[in-house]
Protein chains: 2
Amino acid sequence: MITTLDDPQTPFLALDPAIVAANVRRLRSRLAPLGVTLRQHVKTAKSLDVARLAGDGPITVSTLAEAEAFAAAGHRDIVYAVGIAPHKLDRVCALRDAGVDLVVLLDTPEQAAEAGRRGLPALIEVDCDGHRGGLRPDDPALVHVAAALRGAGGEVRGVLVHAGESYFAAGDNALRRAAEEERRAAVEAAGVLRAAGHPVKVVSVGSTPTAHFATDLTGVTEVRAGNFVFFDLVMAGIGVCTPADLAVTVVATVIGHRPDKGWILTDGGWMATSRDRGTARQRVDQGYGLVAAADGTLLPDLLMTDASQEHGILSMRPGSPHALPDLPVGVRVRILPNHACATAAQHDAYHVLADDGRTIDAVWPRIRGW
Amino acid sequence: MITTLDDPQTPFLALDPAIVAANVRRLRSRLAPLGVTLRQHVKTAKSLDVARLAGDGPITVSTLAEAEAFAAAGHRDIVYAVGIAPHKLDRVCALRDAGVDLVVLLDTPEQAAEAGRRGLPALIEVDCDGHRGGLRPDDPALVHVAAALRGAGGEVRGVLVHAGESYFAAGDNALRRAAEEERRAAVEAAGVLRAAGHPVKVVSVGSTPTAHFATDLTGVTEVRAGNFVFFDLVMAGIGVCTPADLAVTVVATVIGHRPDKGWILTDGGWMATSRDRGTARQRVDQGYGLVAAADGTLLPDLLMTDASQEHGILSMRPGSPHALPDLPVGVRVRILPNHACATAAQHDAYHVLADDGRTIDAVWPRIRGW
């Protein structure tokens, strides 16, 4: 029996692998002339199948559950890019004992002492834009942490920077500046560590926006990016992609109408889309997402404007010249998400489209938990 | 080996069943003198164990996955309180054929015709406050939908109203008014249907806020509420509970500090808390949540103010007279969520606390998917 987008019960997550492949080609062809390795961040898709579509190679993970699942599938070169909590080191060591070159991240002397005591290699987290953790390149703690790590028996593998603020840097110039700032911080920190006598093999930078806008990566050895496989409306809003580049959509069914309010109700609520409202901070607020017909054609100015747990409300963008489309009860629509990482996390699997954009020819599971 | 809150790898979801039991006692003792049945909504906990703690009895579900799981565990009286999508009727019929009195919800002639053709009992959704779906009690469509349902062979079981706007009605008076408005709409709609010759056995109202503030439920047969088992900061913000009544918390570990910014970093990001920022619309914005020590004691004015996928940022409430607490790397904290339904949905299971508030003596799974 052939399954199409009309068959699975809604809501569910549809994945267009042709779009993923195009997104991957775009980033890989950008990075190749810059002389860096792509270390894809598997936190967005959390899928062995999507990682394979992205060309495999070294990976970044956001949880040890991801590291364990990818290790079980044969991956051997993994960076765990969240500052290590000491109680997780047993699982790190178990993976390393099994032959996986799993590298941890840290930025405090306490973490360095614990990781060093286990003889682990670590990247030191460096901050370039005040987004969350990491040490500034000129912070004397940088050398102290490196010394604590080596002194306790660990290995200073290198430095890692993530320009998290680039998600709010709209426009080509701002994105190029964010990429250069990320590179500069990483290279400067690597220089400080080398000057203090520490070998620095890895100089790792990355975020989906900066990976697409860096023009010079001198001194950098690898670029991390995760969201790029799927993209989303936040990325479209800052000019990194267009809505046509979005690879995952939530398929929902119309279950009612409120003509008095100009609403169409669906069975796709925040349980299916997540509560992420990333575009609310952008120039154009896309609500909970743009709405397309089942064939993928965008319905002009129709937005998912509100969400309950299992209800979505679709209505027209304020000021739109278009009329509310006629979508009878039972018709399916596809919601383009604000934030692919958050939306995909609401689902256990991807329904994978064939080349015709209608037939579903595989179901790919996602890795869950921590 | 005894497991305590210090043992599971973070982040994870802790559940205090003593608080659930107290929350349940409170609501059941409120409703008993009002002469109505409590039909608990299992969408919040999605757990057979939590439903048992809440006294079982008739239930409301938000997905057919919940209906199927509860039916498999012996539940026989279930309302599926999301407007029915016609393609889901096969699963509804399968449950009814297995002896479950599963009742669907609808508010359009199309749904009524489909459900009627299958001989199904249905509640007609009635709107009391313009929150999402449903027909106003004075809408002539109400009688048309009932006629379409019976004409096609179905059963008009009754009416269902949900005062969704009560989540935004702060203060006792506003909540009492919302409860009365919900009752009035339900009873009025039931009267209209009865006057048109339709039997109306069930007059169902409910939301956690209105269930706690209704003072007269004349004409109502049952009250639905879901969130009350756990409560959350949104409910505390409108005065339905206090932070001490919150039964689920996210346990996270401190992984770093940014003294220059007044930040404490944890390994509990939005993947663990959800992106729900329900208190952002309230008088007091609680960020991603209040923060307690591992023993449950609130840390005054400490909030989870920002979140990445696997990082939480804790900082002081602006204007607080308190200093940032000293929470070294490795220390565990507990985040009190904005919205229990959304936070719990990020997890596959509950770690259930014993009476000492520290020992974990069970792990209860959650129902996932649709």
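The model is predicted, so local features need pLDDT of at least 70 and side-chain atom pairs count only at pLDDT 80 or more, while totals for chains, interfaces and linings use all residues. Residues are numbered from 1 along each chain as its sequence is written, chains are lettered from A in the order in which they are written, and side-chain values use heavy atoms, without hydrogens and water.

**The strand and its neighbours**

Strands here are DSSP runs (E, at least two residues) and helices are runs of H or I, at least four residues, both numbered from the N terminus. Two strands pair if DSSP finds at least two bridges between them.

Now follow the turn: β16(B) and β17(B) form a hairpin with six residues between them, and B:Gly357 in the turn has a positive phi of about 70 degrees.

Next select residues 12-15 of chain B, strand β1, which pairs with β16(B) in the parallel sense over two bridges. Here B:Ala14 stands opposite B:His351.

Show the side chains of β16(B). B:Ala349, B:His351 and B:Leu353 point one way, B:Tyr350 and B:Val352 the other way. In a regular strand the side chains alternate between the two faces of the sheet. Five of the five residues (349-353) are buried, so β16(B) is largely enclosed by the rest of the structure. Buried means under 20% relative accessible area, exposed over 50%, and partly exposed in between (1.4 Å probe, protein chains only).

**The interface**

Display both chains. In contact (heavy atoms within 4.5 Å) are 59 residues of chain A and 59 residues of chain B. Together the chains bury about 4800 Å², 53% of it on carbon and sulfur atoms; this is the accessible area (1.4 Å probe) lost on being put together, summed over both. Select A:Gln9, A:Arg132 and A:Trp370, the residues of chain A that lose the most area to chain B, together 16% of what that side buries.

Which residue forms a salt bridge with A:Asp127? Select B:Arg258: the closest N and O atoms of this pair are 3.0 Å apart. The rule (a side-chain nitrogen of Lys or Arg within 4 Å of a carboxyl oxygen of Asp or Glu) finds eight salt bridges across the interface.

How values were computed
Buried area is the accessible area (1.4 Å probe) that two parts lose on being put together, summed over both.
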